[in-house]
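Here is a short report for a first look at this protein. Keep the sequence and the 3D view at hand while reading.

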Amino acid sequence: VVGADEAYRQAMAKAVRNAANVALPAVVSVELIGTGDVGKGEVEQDAPTSGIVVDADGFILASSIVVRRPSASILVVLADGTRHAAKVIAKDQHRDLVLLKIETDEPLQAIEFPTKNDLKIGQTTIAVGRYGSEASPIVSRGVLSAMERLDGIALQTDARVSPAFYGGPLMDLYGRVLGVLIPAV
């Protein structure tokens, strides 16, 4: 017989997996490849970060961390592992976001943004991203710890995230997007 605590943990784990699975088809890995100062002619690669397909025609929202350093190219790795060169379409300096565009023959699965969220401090949050050349899923769970941060434009979560998550979605337990993960400083 499973105790109430064990049943709760199993239910929570299942809810987190289900919510992440809603987003994962639209979450991509973003790799930066550029000329580094490591040596004459050597190519340096920054650690990958994440992004979200926001339109089936290949538009991807990512953290502006991908344009902070000059790079020779930006590569997007889709959920199926295919790699595509991306170009920067727009930058939102205030929100630390960038819009990328890739060309692909097949329509992409875009994430749905809700028109309204009913946010409550303390609700469970799920950070979703992809990492590496295989675009492996990464997931972290926390709570919504504050709203209207950074001049009223940001939510704060205590979900453990690294730069690999930046550009990925922050979600609730029902798979609804709450926001896009960016560095707080």
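## Threonine 49

A polar atom of the side chain of threonine 49 lies 2.6 Å from the backbone oxygen of tyrosine 166. A polar contact is a pair of N or O atoms within 3.5 Å; within protein, one must be able to donate a hydrogen and the other to accept it, and residues adjacent in sequence count only if both atoms are side-chain atoms. This is a predicted model: local features need pLDDT of at least 70, side-chain atom pairs count only at pLDDT 80 or more, and totals for chains, interfaces and linings use all residues. Residues are numbered from 1 along each chain as its sequence is written, and side-chain values use heavy atoms, with hydrogens and water left out.

Threonine 49 belongs to strand β3 (residues 49-55). Threonine 49 is buried, at a relative accessible area of 4%. (Buried means under 20% relative accessible area, exposed over 50%, partly exposed in between, with a 1.4 Å probe and protein chains only.) Leaving aside neighbours within four places in sequence, threonine 49 is in contact with residues including Val28, Ile65, Arg130 and Tyr166. Contact means heavy atoms within 4.5 Å.

## Histidine 84

Histidine 84 sits in strand β6 (residues 83-92). Its relative accessible area is 15%, so histidine 84 is buried.

Glutamate 103 is 19 residues from histidine 84 in sequence, and 7.2 Å away in space, C-alpha to C-alpha. The backbone oxygen of glutamate 103 lies 3.4 Å from a polar side-chain atom of histidine 84. Leaving aside neighbours within four places in sequence, histidine 84 also has Ile74, Leu78 and Thr104 among its contacts.

## The whole protein

The protein has two helices and twelve strands. Helices (H or I, at least four residues) and strands (E, at least two) are DSSP runs, numbered from the N terminus. Their order along the sequence is α-β-β-β-β-β-β-β-β-β-α-β-β-β. The radius of gyration is 17 Å, close to the 16 Å that the globule rule gives for 185 residues, so the protein is as compact as a globular protein of that length. That radius is taken over C-alpha atoms, and the rule is 2.2 Å times the number of residues to the power 0.38.

Of the 185 residues, 41% count as buried. The C-alpha trace spans about 65 × 40 × 35 Å along its principal axes. Among contacts with a separation of 6 or more, 60% join residues 24 or more positions apart.
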